[in-house]
Every structure is written in structure tokens, then in C-alpha cells.
Amino acid sequence: MSVNVSGRDRQVIINPLVTCMPMGAMWAVLGINRGIPLVQGSQGCSTFVRYHLARHFREPIEIAVSSFHESTAVFGGKKNLNISLKTIVQRQNPDLIGVVTTCSSEIIGDDVYGFVESNKEELKDLGHDNTEIIPINTPSFAGSHFVGYNKAVDALIKNLTVINENNEGDDNKINIIPGLLNPGDVNEIKHILDVMHVPYTILTDISETFNSPLNPKKQEHPYFGKGGTTVDEIRNISANKGTISITKYAKTGAETLEQTHKVPAVTDNLPPIGIKGTDDFIMTVNKLTKHDILDTLMTERGLTLDLMADVSARYLAGRKVVIFGDPTLVTGLTSFIIEIGMEPVMVTTGSEEKTFPTDIENMSKGQNIDVITEGDLKVVEDYVKDKDNGVELILGSSEARFINYDTGIPLVRFGFPVYDRVGYHSQPIVGYRGAKRVVEMITNEVLAKYYEEKHWKLQQ
Amino acid sequence: MPFKLFDIDKEIPERKKHIYVKDEHNCEIDCNKSTIPGCMTERGCALAGGRGVITGAVKDAIGLVHSPVGCQYYTTGVKRYPSQPQLPNGEIFPIDNFNLKYSFGTDLKEANIVFGGMKKLKEAIIEANKECPFASAIYVNSTCTTGLIGDDVDAICKEMTEKIDKDVVAFNTPGFSGVSQSKGHHITNDAVFDRLVGTKEPPNTTQYDICLIGEYNIDGDLWVIEKYLTEMGLNILSRFSGDASHDELCWMQRSKLNLVRCQRSATYIADLIEEKYGIPYKKVDFFSCEYCSDNLRMLGRHFSLEEESEAVIEKYYGKVKEELEWYKEQLTGKKVYIFSGGPKSWHLSIPLEKELGLDIIAVASQFEHSDGYDKMKARVKEGTTILDDPNSLELEEMILESKPDLILAGIKEKYLSYKYGVPAIQIHSYENGPYIGYEGFLNLAKDIYNNINAPVWKLMEFKTE
């Protein structure tokens, strides 16, 4: 067998690669136009997430919290939620509040669904009935932020999407559940669909809320990020032609739409990373909508192939790569690393994604790949620092910067979080153009690290 | 009206007592109270105040968070707390910046919530010790989860201390404790005092031994002060807790004088040490040239090192004086808010006005107590707005109302401020620090100048002519 699957050989986590559920849910709610996440828990549960998202996106991240204190642990969080909802609705008048639960609220047994229902009545009596309030159960101990994201998208669909009896709506419109992709990636997916003239709803769309233009004269108060998916859009997705979940961890919403509204779900494809992944994505869209695959996309594909032909054999062939991070991004990048002739020697995600080892095995073409399930950053570090493994490149988040400093092995940054370089959240790794960017980043790191010593090899 | 109710707060009128526009009445500001749920507070939790602020700075201890993965994830390497590997016994700790590079956690799952997490905690302690046998101690933080399920973290830590023959210290910091980070500071001060202070003896002592308490080495601040104090002949016996080794915390009782730098997060332990061991402490302030000189002189007098302190002042003040005067000319009259976590609002208000010519029009704190607000009130002019636990909507309204030239705040407020066209610098973690001492104050002046004068702020409008 060419793929060796193993677990972490200790229980204690050293530098986790994932965080807990609530952050994923907050991420999804922040992709709603005029949406506010309300964390039903302690202040740290909101403030830490705000800190981490703010340093990655360099954007305001506005998240409310119901401020649990000792008394809440004794008396429950009903009063906290009640005051929070009133305060938010009266001051900010959002279109949607996603009530994100935490370990505390789940352990003390808050009936968030019941609380929300009774509050809706009260708010209605106060004359505020235009804010959707969606409970999202995300007990921190029951899964990673990927699971929390999935639960939030599903909760939004379950609570908002209505039956479209007349089957009205845009012809050939599709739904995309992007997962925890960066704004640059979501924009690239939109670009592909725009080129194909396919209308879409992104569930949910953080491409602008996490990447808002600076234009103080037009800045509304209270602050909401620009863009995001509107509540009305989500109401109307039941008549769309299909739902593509880019990631495997966020497919429950697509399945809900299929079961409840007969919207076909496409959930188990490779992500649109690299050539084959992007080919598959475009074919999926083509099959769902019958829209043509236009020359523009083939030109983009050709430009990426052109660069791959330039650099693959010349600089990259056989070089050993370690990849860690989001299970979908790692799967896609592993496939692409193989396409550019490099060798993925170890991959890990830190998440609970069950099909990850099989997905890697299916794409390996004789390479020996170590797949470590539920890894952490120390696993990555130990592997990279073991000289027998001959690692020449690391693909991962900024968290691996110390491994890079210690070993000098280049780190090509992708995913979340990237806080020690700029521009990474706004540029894509998906699609043909994203693939081209990945090849450029990898090649330039390889040239700087492995060729400058013999600089004459760089003359032509 | 001395108290101010923002338009955005009309539905939560209780906010009015937290916002005071200074007048001749010297009114009492409501503070250290529970936050109004849903008001978009900037506050954090006890774990942030404990592990984030204090124990996360210790360079040779394993930080182990007993929680679902999130609490560990969020407290990994976030504070700008560099450390050097030198230990007091002359040995070199095998990993530099160990406190920034590694965090450990028990990663509690559903079954642990049902059946308890104590077994997992024990295993985690043993495994962490096996991974890093060179670590001097293990600091265990409890969290909301482990507080609620009732894990007896104290008992486990006691048991494990014997088992691995190394201090395993429990810090009981469930996030819901208290109203803000401030509770976490207090819990951690108490735990360090109860569990560690007095348990070890320093390799040697001198009559010039001091403890630098409440200095966490943000972006290298501690190293600046340490340089001044060492050059004037003082010996830093312990740091609490920037760039500190575990052992230093255990022999704080041997200091001759304790200096308390961050008076919000660390006066507790200075009080406790004074009470039990009779060691006096002085509250010190090294932000800005004037405060720095005053405090160095005070220490010179205390230890009869007057000449030495004057030499240090001359040497380092001399290096920055002329440049600071230039910055003062450039910055005079610029309007600034200081939205700090704790005491920086009162540390910086007078220096920024007097030494850099800035006009402080608002000061705020997330978690100060009434003694801090007394200092804040005393150090601003009439008409200055003073806010307790400000929320982001109030900040927006203030910006729109009295557009300042610059805001000193945290990363959460910084990017919000940008959107309304106002530059902001991080005053909790700094931009290009250190900010303390003479050269630090020059760094701060440069950052203030560069931010206010960044050309981008003049390009906001698309001009058609």
C-alpha cells in the first residue's frame, strides 16, 4: 500500500490545527448580509474569535456575546439571551441573528430553541419582527470549527428556505456552499460561474464581508461589512437547479435541500483545486445547468498548463512536500501537488474528516504518502525536522512559521490563519487562476531556497 | 450633564453611568460590573486574563489548557511575549520563545463532558512532561467546561506534582468568572502566591534585589526597563512574568523592593507579598521620558544609587530627546482617543499631551476598577470623555461625532476605526514597539506620526477635478 494511515501517538494536543465549533458557525453567519452572530456563552468565546478573524482578514469582525458570568452558570442563560436579542435588534436592527451556542450553554442545558421562540414573540410585541433569529447548536466539545460551519449553514437553510410551489426563480441558478474558503477563493468560484453565465447563491458569502473596501464617506453606522448573502436569497433557493458543496465537511445543507426540496446535491467531488479538481467542478456546473464551458475558461486553463510545463520538470519534480490544514484544501492541494510532479510525503488535517485517508489514497499514484489523522502542529514539526523524511517544502498556515524559521524549509502559506504576510485572504488558490498562483508561489520559494546558492542555474 | 448617553445607547440607558465627560464634580464612574448582554463589548474572559496575560509570558513552563480544543487554540502564541532562553542558574533552556511556540491541551470531547475529564488531564500532564521533560513546571488552566463539569483540577495538579516531581499548578480560570479579563488576573496572582512564592530560594541575593511585577515584556518592553535598572546597579531577582523562568516566581519573597508596573493585573500579588513577607512595593510608571526619569530617580534615592540613576537617564534620554522634540512639533494639536484594556489610558494621557503635544479627547478601559478610573480622571482635562467597558457601536458614534486624528486601541477596534477613515494603532500589543522607556516612547511617537500622516488617509475621496 502506498498510503500509510496513522493517528497521533499521544492524547495531549500540542498546537492544535483546528478550533472548536462556534468559530465555524460565526464565520457562516458573518457571510449573511446584515447578519450578526450572537454567542450564547462567555466573553472569551466571542472576543478570541474576533481577534483571530481580525488578524487574518485585517477587517472589523463584529460579533455579539451574551456575557455569561457565574450567575448564569447557576440560573441558566435565558435572561442573557433575552437581553442580548433585544439589545441587538433595537440598536443594530440586523436582518439576521445567528445564536451560536457554546460548551457553557450546552452543559448548563439552555433550551436555546425555546428561548428564541419566546423572544420572537416579545420582539414582535415591541414592533421588531423583521430580524430572523436562528439558533445554531455548536457545543464546542462535539466537533471542530468545520463541523460548526456545517451546522450553521444547515441551520440557516432549515430555518429560512421556503417551499417554492410555483418553481419560480432564475433559470439554471445553482447554490454553492463554499466551506471555510477565503474571500479570494469565493470570488474565483463566482468568476467561473460568471464566465459560464450561471446565476448562483453562495451559502454563505464572506467574499466582501471579510474583505470590505475602505470608503469612509459611504460607511454606514452601525457597521456591517459590505455584501453577504441576503436572507431573501436563502429563502428562495429551493427552486434552484442544484447545490454544490465545495467541501465534504459542509454538505449537510445540500443534503437538506435535496431531501426537503428535491434540489440535487453534489457533495463528494474533489474541490476545484488544481487542474483535475477545477475540470470536475466546471463539468459539474455544466451538467447541472447545461451552460457551455466557454473559451475564457479554457484560456485560463491553458495559461496554467503553460506555466506548469515551464516549471514542473525543470524545478519541481520529485521535491518532497508536507501539507496541513483544512481537510478539503489539503485534499485538493495534494492532488495538485501530484499534478505538478512534486511528491506529497505527509498530509494531515487535525479534523475529524473520515474520508480524508481514502481520498488521499485514491489520488496517490504510487507515491508513499503518510496520512496522519487528527494531527496537530507538533506532528508536522516532528515530521519536517526528521531529516530522513527529506522534506523540502511545507504548505500550510502561518502557524508553521516557527518550523520554517528553525529548519529553513520554505513555507508556502494558504488557508487560515495567515497573519504574518498580506494578501493571502484576498487571492485564490481555487480555479485555474488560483492553481497558477499556487504554482508561482511554490516555484518562487523553491528558486529562492534551492537555486540561489548556484545562481548560474537561474540565468535561463 | 457630566454623564453622557450616546444615541446608540438610548435602549440601554444603564450605559450612561459608565460614560463620564470630565467636569468639576469629579463624578464616580460605574465600573467593574457585568457587561450588558449583546452590547458588542470588547471584553474577554478570565482565561484571557490568566493564561493570556500572565502565565503565557513564562518562558520555561508548559501551558496546558484543560478544555475543548478552542480555548487552547485561542490562547496559543497570541500575545507578543518574546522570551530569551537564559535561565537564572546560567543554563540555557533548550527552546527559545518556548512560551510563544507551544501550547498543550486536553482536547475534551463529548464523552469527557459526560464522564469527567480528570483522567484525560492526568494523561495529558504525563504526556506533556514526556514531550518536554526539560520544562520547569506545568501550568494547568481550567475553563468554562471544566468548571461546569466540576473537574477537581487542584487535586489532580497536587497529585501530579508528586508523581512527576515538578510543579504542576492549577489556575482555576473558567471564562465566566468575574466580569472581564480582570478576574483572571486576580485568580492567577492568588494562585502564584499561594502555590509558588516562598517555595524556592534564589542562587544568591544582593541588597539591590528587586522584583519587576506586572511587566509582561510586550514586544520587548521588559528588556528596555531591565537594561536601565541593571545599568544603574539593581538586580532583577524575579520578573512577574515577562521573560520569567518558573523558578523566579518561586523566590519572589527574597526581593528587597517590589516594583508594580501594570497596577491593574498585578498589585494583588505585591499586596500579598507585603502582607506575608513584609516586602514593600512601589507603583512605577516607565511610559514616557518624564515618568521614566521620575521613577528611575525614585529608585536611585531608595537604593542610594542617585548618581547611577542620573547617568542612565542622561545616557538614554539624551539619545531620543532631540528627535522627540521634532515629533512634538509635528504632532501638536492632533486629537487622540486612548482605548486601552486596562491602565494604559492613565499611563499615557499626560505624556502624550505634555511630551508629544497631542490632545487627548477620550480615554477608555475594558476592565479597570474605580482606583484606575480615579487616576484616569485625575490625568485628563475637563471635557475629556471617559468610558468604562466601551462597545464598538459607541466607538463608531464617537468617531462620527468628534472625528479624532488617531485612536490607540486593540486589534478589534483598529480595523473598525479604519472603516470610518481614522487610523489606529494597537496599544495592547503595539505596532513597532517596544513602547516603554525612552527609546520606547520614541517608537510610539514614530508610530503615531506615521499613522496620522500616512498618505492613504488623504486619498479617500475620488476627486473628479
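This is a predicted model: local features need pLDDT of at least 70, side-chain atom pairs count only at pLDDT 80 or more; totals for chains, interfaces and linings use all residues.
Residues are numbered from 1 along each chain as its sequence is written, and chains are lettered from A and ligands numbered from 1 in the order in which they are written.

**Exercise 1. Confidence and overall form**

Work out what pLDDT chain B averages and what radius of gyration it has.

*Solution.* 
- Start with confidence. pLDDT is the predictor's confidence in each residue, from 0 to 100. Chain B averages 97, and 100% of the residues score at least 70. The model scores are ipTM 0.97 and pTM 0.98.
- Next, the radius of gyration, taken over C-alpha atoms; the globule rule is 2.2 Å times the number of residues to the power 0.38. For 465 residues a compact globule would come out near 23 Å, and chain B has 23 Å, so the two agree.
- Along its principal axes, the C-alpha trace of chain B spans about 75 × 60 × 45 Å.
- Now burial. A residue is buried if 20 or more other C-beta atoms lie within 10 Å of its own, exposed if 12 or fewer, and partly exposed in between, with C-beta atoms placed from the backbone. Buried residues make up 60% of the 465 in chain B.
- Finally, count elements. Helices (H or I, at least four residues) and strands (E, at least two) are DSSP runs, numbered from the N terminus. Chain B has 18 helices and 14 strands.

**Exercise 2. Where the chains meet**

Find how many residues of chain B are in contact with chain A, and which elements supply them.

*Solution.* 
- Two residues are in contact if their C-beta atoms, placed from the backbone, lie within 7 Å. By that test, 66 residues of chain B meet 58 residues of chain A.
- Elements giving two or more residues to this side of chain B include helix H1 (46-54), strand S3 (104-105), helix H5 (118-131) and helix H17 (411-419).
- Sort the residues on that side: 33 are nonpolar, 17 polar and 16 charged. Here Ala, Val, Leu, Ile, Met, Phe, Trp, Tyr, Cys and Pro count as nonpolar, Asp, Glu, Lys and Arg as charged, and the others, Gly among them, as polar.
- Take a look at H1(B): 9 of its 9 residues are buried, including Arg51(B).

**Exercise 3. A sheet built from both chains**

Trace the strand order of the open 5-stranded sheet that includes S2(A).

*Solution.* 
- Two strands pair if DSSP finds at least two bridges between them. The order is S2(A)-S3(B)-S2(B)-S4(B)-S5(B), with mixed pairing.
- The edges are S2 of chain A and strand S5 (167-172) of chain B, each pairing on one side only.
- Cross the chain boundary: 2 bridges join S2 (residues 13-14) of chain A to S3(B), and these strands run antiparallel. Ile14(A) has Phe104(B) as its bridge partner.
- Ile62(B) stands opposite Ile138(B).
- Then 6 bridges join S4 (residues 137-142) of chain B to S5(B), again parallel. Ala137(B) partners Asp167(B), and Ser142(B) partners Asn172(B).
- In a regular strand the side chains alternate between the two faces of the sheet. On S4(B), Ala137(B), Tyr139(B) and Asn141(B) are buried on one side, and Ile138(B), Val140(B) and Ser142(B) on the other.

**Exercise 4. Core and surface**

Identify the residues that touch the most other members of the largest nonpolar core, then decide whether Glu201(B) is buried or exposed.

*Solution.* 
- A nonpolar core is a set of buried Ala, Val, Leu, Ile, Met, Phe, Trp, Tyr and Cys residues joined through C-beta atoms within 7 Å. The largest has 270 residues, and Val322(A), Leu64(B), Ile138(B), Val140(B) and Leu408(B) touch the most other members.
- Helix H7 (residues 145-160) of chain A gives this core its largest share, 8 residues.
- Apart from it lies another core, of 7 residues, among them Phe68(A) and Ile113(B).
- Glu201(B) sits in the loop between helix H8 (181-195) and strand S6 (209-215) of chain B. It is exposed because it has 12 other C-beta atoms within 10 Å.
- Not counting residues up to four places away in sequence, Glu201(B) touches Trp251(B) and Arg254(B).
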